[in-house]
Amino acid sequence: PDAPIFGNQSADEMRIGAAQAIREIGLPPVGADKRKYDLEVYASIVERLDNFFLWRQDHWALEKVELEKQVQEWNDALEQYCDEEDIHGDEREQVIRLNEATPFAPCANPACSKVETKIKEFKNCSACRTVAYCSVDCQKKHWKVHKRGCVKR
């Protein structure tokens with residue numbers, strides 16, 4: 001069995017608890033991740049992950065190697081879900097399109113719709129390094145909002 005990692009909860013207990021909460025409560029909108037995930041598919045993917053994490057498209061703080069690893073693990077679990085649920089053809093393509101992980105993050109300015117075309121293309125905030133912007137202009141426009149939570153690292 002897994003060693004406790006959060007209080008008395010093992011990694012398996014945390015993964016199962018998170019999946020249950022997603023099914024019952026949903027996912028709170030966080031940051032610039034504007035996607036509408038299928039909560040049943042999302043929870044089912046979380047249950048299949050070896051190393052528990054919640055996927056978000058606004059993954060600016062992840063290092064490139066960790067990001068690529070999480071994208072691969074998430075998408076492998078998604079494929080496994082489709083196989084186990086016997087989802088094929090057009091339905092499978094739609095499930096994958098709606099729930100797949102991508103290494104390309106959106107601009108942290110919610111008013112901007114740009115998304116990276118290369119991994120880690122956007123520049124992180126030089127202070128907190130937890131958000132990234134497509135341009136200096138977008139960063140300046142979002143500063144009034146971002147500065148409230150920006151903590152220098």
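Predicted model: local features only at pLDDT ≥ 70, side-chain atom pairs only at ≥ 80, totals over all residues.
Local features need pLDDT of at least 70 and side-chain atom pairs count only at pLDDT 80 or more, while totals for chains, interfaces and linings use all residues. Residues are numbered from 1 along each chain as its sequence is written, and side-chain values use heavy atoms, with hydrogens and water left out.

**Helix H1**

Helices are DSSP runs (H or I, at least four residues), numbered from the N terminus. H1 spans residues 11-25. Its 15 residues reach 21 Å from first C-alpha to last, close to the 21 Å expected at 1.5 Å a residue. That expected span is 1.5 Å times one less than the number of residues.

Burial is by relative accessible area (buried under 20%, exposed over 50%, partly exposed in between; 1.4 Å probe, protein chains only).

| State in H1 | Residues |
|---|---|
| Buried | Ala 11, Arg 15, Ala 18, Ala 19, Ile 22 |
| Exposed, other side | Ile 16, Glu 24, Ile 25 |

Gly 26 follows H1, with a positive phi near 100°.

**Cores**

A nonpolar core is a set of buried Ala, Val, Leu, Ile, Met, Phe, Trp, Tyr and Cys residues joined through side-chain atoms within 4.5 Å. The largest has 23 residues. Tyr 42, Ile 45, Trp 55, Trp 74, Leu 78, Cys 82 and Val 95 touch the most other members. H1, H2, helix H3 (64-84) and helix H4 (89-99) each give two or more residues. H3 gives the most, with seven.
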